[in-house]
Amino acid sequence: MLASSVQRSKPTPYPSKARSALIRRAVVVGLVVVALALVTISFRSPTAGALHDVQGAGSTALRPFQIAATRIAQPFRDAYDYFANASSAESELARLKQRYSKVRADAIRNRAEALKAQQWAKLLHLERGRTFPNDYSAVNAEVTSYPSGPFTHSLEIAAGSSVGVRLNSPVVSGDGLVGIVSNVEPHTAVVTLLTDPSTFVAARDIQTQVRGGMVHTGPGGTLILDQVEKRLRVDEGDVLVTDGTHDARYPDLYPYGIPIGRVSSVGATDTATFLQVQVQPYANLGSLDAVAVLVPKKQHR
């Protein structure tokens, strides 16, 4: 049996945490002291001293690394600038689009208000003109609904029986005849337009004083003046107005002199008895904002 014991060597002790921290602090303090010393010497030494020569040699030696680092970093710097500028440009574009939309909306609104004001001004001019029928008073009204399609020939106005609007009252714009009131409520009324197939208006050519039959919608949806004999003269461009009442026993719905439209074409065939007279209405029936209802001052019996 082996009676002797083997003596093991003692393990080398590891430095403690406190000792490691002390070493790190000493290194940092030493570097700071060296840096301060170099800065002090650099400021106090002449410009051509040995220290400056060492600095110049160091700068020359490190110059290639600086250039290489700059070249390597340049693409990343360019990419950053590109995305930064792109983001800024997108923000500016969005701001400009928002500004443009606001300015455009304001312009459209201002233009719409200007057109509406122009229609009211035309109505005022018509009511003060010499051709306005003396036996009628005007009830001005705003148009609240428009024809909803090509086969709809009526509109609604914001005036009714509470302000004197009556059934079968003529309706005009500042340009000419619009139609006739076909339904009345206390605060609203429905106007059947001149282009409706049920509307017939007795008309006169004020240039030639020719009295035809009626202005109404003809084939193809255009207005025509019918019952004009071929021996009578109607020229293109002539003005047509309402013919008015000729017999007090049978009063016409429309007073004399309301502008209807202008003759747009005149034709005739060899076999026809009457001229083919087409009429372009003065009133723009698709874009009315303001109209006037003509109410008789004395109720017809």
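Entry 1. I note that the model is predicted. I looked up the order of the strands and found six that close into a barrel, β1-β2-β5-β4-β3-β12, with antiparallel pairing. Neighbouring strands of this sheet are turned by 45° against each other on average, direction ignored.

Entry 2. I followed β2 to its partners on both sides. Strand β1 (residues 136-145) pairs with β2 in the antiparallel sense over two bridges, and I find Ser-145 bridged to Glu-156 in β2. Towards strand β5 (residues 189-193), β2 has four bridges, again antiparallel; here Ser-154 stands opposite Thr-192.

Entry 3. I went on to strand β4 (residues 177-184), which is joined to β5 by five bridges and runs antiparallel to it. Asn-183 has Val-190 of β5 as its bridge partner.

Entry 4. I then picked Val-172, which lies in strand β3 (residues 170-172). Is Val-172 buried or exposed? I count Val-172 as buried because its relative accessible area is 3%, and the cut-off for buried is under 20%.

Entry 5. I listed the contacts of Val-172, leaving aside neighbours within four places in sequence: Leu-123, Leu-126, Leu-177, Val-178, Ile-258, Val-291, Ala-292 and Leu-294. For Leu-126 I also noted the separation from Val-172, which is 46 residues in sequence and 9.4 Å in space, C-alpha to C-alpha.

Note on methods:
Residues numbered from 1 in each chain as written. Predicted model: local features only at pLDDT ≥ 70, side-chain atom pairs only at ≥ 80, totals over all residues. Heavy atoms only, no water. Buried < 20%, exposed > 50% of the residue type's maximum accessible area, 1.4 Å probe, protein only. Contact = heavy atoms within 4.5 Å. Pairing = 2+ DSSP bridges. Axes fitted to C-alpha atoms, helices over the stretch in contact; angles between N-to-C directions.
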